[in-house]
Amino acid sequence: MTTTLDRPATTRTRDPKELLNAVRPRVNHLTVNVLDDGMTLWEREVALLLRDHTMVRDMAERVLGNAVMYTVGCMEHPEVHLGVGKIVDIGVHQLILDTPVWWALCDAYNEGRYKHHAPFVERRRDGLCLRTADFLAAIGFDVDEELWAIDGTECSPCDNKVPDSH
């Protein structure tokens, strides 16, 4: 199913950094690891991306920002089939792997339900990434078109038939 939204002329751009940092009060597990270092959740996830991947800070922030947009978009609009490319998926996986933060995101944006990660093995090649970027822009996000275009026709192997799965 493909859904498109017309963006109203007065839409305020949604800030992924604000959306991620807003879940801090919902982090209830392993708080010593997650909250006691004095970092914002945004800074924490950027630091983890830089620790585990070869990229400069600007790229880590771009990847994380678009991953937050995608994650929140998927959670807020489960009826819309969305998918992500390899580059942005690095950030999505970072969020999923930091499970206390992932649980907080699920609590805030997925009505408290856990959002599973159960991909197919084969990647899709039907342009879903580009359609996803368009959808995210339509719901108020300032997507990084360059990151989405890199993998524009080669998308994550997400399954729209599995309830609540990225």
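**Figure 1. Packing of helix H4 against helix H6 in the predicted model.** Helix H4 (residues 57-76) and helix H6 (residues 99-109) pack with their axes 9 Å apart and at an angle of about 45°. The two helices, H4 and H6, are therefore oblique to each other, and their crossing is right-handed. From H4, the residues Thr71, Val72, Met75 and Glu76 take part, and they meet Trp102, Leu105, Cys106 and Tyr109 of H6. The structure shown here and in the following views is a predicted model.

Figure 2. Pro100, Val101, Trp102, Ala104, Leu105, Cys106 and Tyr109 are the buried residues of H6. These buried residues pack against five helices: helix H1 (16-21), helix H2 (31-35), H3, H4 and H5. In the contact with H4, the H6 residues are Trp102, Leu105, Cys106 and Tyr109, and each of these four belongs to the buried set of H6. An α-helix has 3.6 residues a turn, so residues three or four places apart point the same way. Just after H6, Glu111 adopts a positive phi of about 55°.

**Figure 3. The crossing of helix H3 and helix H5.** The axes of helix H3 (residues 41-52) and helix H5 (residues 86-97) come within 10 Å and cross at roughly 115°. H3 and H5 are therefore roughly perpendicular to each other. The crossing in which H3 passes H5 is right-handed. On the H3 side, Glu45, Leu48, Leu49 and Asp52 form the contact, and on the H5 side their partners are Ile90, Gly91, Gln94 and Leu95.

**Figure 4. Asp98 in the loop between H5 and H6.** Asp98 is located in the loop that lies between H5 and H6. With a relative accessible area of 5%, Asp98 is buried. When residues up to four places away in sequence are not counted, Asp98 touches Val34, Arg44, Glu45 and Leu48. Among these partners, Glu45 and Leu48 also take part in the contact of H3 with H5.

**Figure 5. Glu145 in helix H8.** Glu145 is found in helix H8, which spans residues 145-150. The relative accessible area of Glu145 is 62%, and the residue is exposed. Ala133 stands 12 residues from Glu145 along the chain, and the C-alpha atoms of the two residues are separated by 7.3 Å.

**Figure 6. The protein chain as the setting of the close-up views.** The protein chain has 8 helices and 0 strands, and along the sequence the pattern reads α-α-α-α-α-α-α-α. The chain has 166 residues, of which 48% count as buried. Among contacts in the protein chain with a separation of 6 or more, 73% are accounted for by residues 24 or more positions apart. The chain exposes about 8500 Å², and carbon and sulfur atoms supply 53% of that area.

Definitions and conventions: Residues numbered from 1 in each chain as written. Predicted model: local features only at pLDDT ≥ 70, side-chain atom pairs only at ≥ 80, totals over all residues. Heavy atoms only, no water. Axes fitted to C-alpha atoms, helices over the stretch in contact; angles between N-to-C directions. Parallel < 35°, antiparallel > 145°, perpendicular 65-115°, else oblique. Left-handed = near helix turned anticlockwise from the far one by under 90°. Contact = heavy atoms within 4.5 Å. Buried < 20%, exposed > 50% of the residue type's maximum accessible area, 1.4 Å probe, protein only. Areas by Shrake-Rupley, 256 points an atom, 1.4 Å probe, with all protein chains shown as cover.
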